[in-house]
Amino acid sequence: MKRRTLLAGVGTAAAGSVAGCTSRLFGGSPDDVVLDPQSDQLADSEDLAYPAYGQPLPSFELPAPLADETFDSDELDRTALVTGVFTFCPAECSILLRQWATVQRRVAAAGLTDDTYFIPITFDPERDDAAALRDNAESIGADLEAGNWLYLRPETPARAKAVVEDRLGIGFERTTESDRLPGYDFTHIVVTLLVNPDGVVERAYRGERIDPERVAGDMERVVAAFDDE
C-alpha cells in the first residue's frame, strides 16, 4: 500500500444544500483516484463537512469487537465502505445497512470478498456492545463469517464524537426529545464513504437509500484498478 499524508481532520458543520458546482471539482480527476468526479456530489469536496471525492480518509484507530482486533485506517489495504450508525436506529441506519449487506453479497458473487471491507462505526458505544452489534448483523443480513464486515466501536461516547463527527465529519447529536425512541435517540446525517486501498475517497453517497448495483459496480472498478497496479 502507498503511504500517504492524511489531513488533520474535517469540520463538523453540516454542508448546506447545493454550495458549489460539481463540474468545478479539481478541474478533472485527481491523480490518486480511479473513478471520474461524482456527478451527484452536493458541493466541491473542500466545502463538505465529510471527506469526499479525492480527499484522504482521516486517521483513526478503533476496536473491532466482533473480530477481536483493532482497525487502523492508516493500514487500509482494501476498497472499503465507511459510515457512522447506531444499531438501535429504527429507520435510516437499518435501511442503509441492509443496502450494504446487498452490496456485500454482490461483491462476494464477483469474487471480491478478500478485496473489500464494510466498516460501520457506531456512535452509540453505550448501547452498541458486542451483543448488540451481532444482533444487528443478523437483522440486516450481513455476513460476519466472510471476514470483510467490521463493526467498529469507540471506547467511549467522547471517543465516538472525536472520530465519527470531528474526524469523519458525520455529524450526530443525542436527543431526549424523540417520538420514535423516547428518551434516547440521535439526529445524524447519513453518508457512505467509498475509500480506495490508498485511503482516498472515491465516492460519498448521501442518504440511506443507496443504489446497491451502483455501489457494487463502483467498488468493483476500484478493486480492478488496484489489482492492475
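This is a predicted model: local features need pLDDT of at least 70, side-chain atom pairs count only at pLDDT 80 or more; totals for chains, interfaces and linings use all residues.
1. In which sense do strand β1 (residues 61–64) and strand β2 (residues 69–72) pair, and over how many bridges? The two strands run antiparallel to each other, and 4 bridges hold the pairing on record here.

2. Aspartate 68 sits in the loop between β1 and β2. Is it buried or exposed? With a relative accessible area of 72%, aspartate 68 is exposed.

3. Now for the overall layout, in case you want to get your bearings. The chain has 4 helices and 8 strands. Starting at the N terminus, the order of elements is β-β-β-α-β-α-α-β-β-β-β-α. The chain has 229 residues, and 52% of them count as buried. Take the contacts between residues at least 6 apart in sequence: 70% of these join residues at least 24 apart.

4. Aromatic rings deserve a paragraph of their own. The structure holds 12 aromatic pairs. One of them is made by tryptophan 100 and tryptophan 149, whose ring centres are 5.9 Å apart; the planes meet at 70°, so this pair is edge-to-face. The pair links distant parts of the chain, since its members are 49 residues apart. Tryptophan 100 belongs to helix α1 (residues 92–109), while tryptophan 149 is in the loop between α2 (130–140) and α3 (157–167). Both of these tryptophans are buried.

5. Tryptophan 100 also has a polar partner. Its side chain and that of threonine 192 are joined by a polar contact of 3.2 Å. Threonine 192 is part of strand β7 (residues 191–195). How buried is this threonine? Its relative accessible area is 0%, so threonine 192 counts as buried. Leaving aside residues up to four places away in sequence, threonine 192 touches Leu81, Val82, Thr83, Leu96, Trp100, Arg203, Ala204 and Tyr205.

6. Back to rings for a moment: which residues form one aromatic cluster? They are Phe86, Phe123, Phe172, Tyr184 and Phe186. One member, phenylalanine 172, has lysine 161 over its face, at 4.6 Å from the ring centre. There is another arrangement of this kind at tyrosine 117, where arginine 78 lies over the face of the ring at 4.1 Å from its centre.

7. Next, the annotated spot. An unreviewed UniProt entry carries the annotation "binding site" for Cys89, Cys93 and His188. These residues span 100 positions in sequence, yet no two of their C-alpha atoms are more than 10.5 Å apart, so they gather at one spot. The entry is the source of the label, whereas the gathering comes from the model's coordinates.

8. Where does cysteine 89 sit? You'll find cysteine 89 in the loop between β3 (79–85) and α1. Its relative accessibility is 2%, which makes it buried. Apart from residues up to four places away in sequence, cysteine 89 touches Ser94, Arg180 and His188.

9. Histidine 188 comes from strand β6 (residues 185–188). At 16% relative accessibility, histidine 188 counts as buried too. Which side chain does the histidine 188 side chain make a polar contact with? That would be the side chain of glutamate 92, at 2.9 Å. Again not counting residues up to four places away, histidine 188 touches Phe86, Cys89, Glu92, Cys93, Phe123, Gly171 and Phe172. Among them, Phe86, Phe123 and Phe172 are members of the aromatic cluster, and Cys89 and Cys93 carry the "binding site" annotation.

10. One last stop is threonine 156, in the loop between α2 and α3. With a relative accessible area of 36%, threonine 156 is partly exposed. What separates the C-alpha atoms of threonine 156 and proline 125? The two residues are 31 residues apart along the chain, and the separation of their C-alpha atoms is 6.2 Å.

How values were computed: Residues are numbered from 1 along each chain as its sequence is written. Side-chain values use heavy atoms; hydrogens and water are left out. Rings of Phe, Tyr and Trp (its six-membered ring) pair if their centres lie within 6.5 Å; planes under 30 degrees apart count as stacked, over 60 as edge-to-face and the rest as tilted. Buried means under 20% relative accessible area, exposed over 50%, partly exposed in between (1.4 Å probe, protein chains only). A charge sits over a ring if NZ of Lys or CZ of Arg is within 6 Å of the ring centre and within 35 degrees of the ring normal. Two strands pair if DSSP finds at least two bridges between them. A polar contact is a pair of N or O atoms within 3.5 Å; within protein, one must be able to donate a hydrogen and the other to accept it, and residues adjacent in sequence count only if both atoms are side-chain atoms. Contact means heavy atoms within 4.5 Å. UniProt positions are given in the numbering used here, feature names are shortened, and annotations may be inferred rather than shown by experiment.
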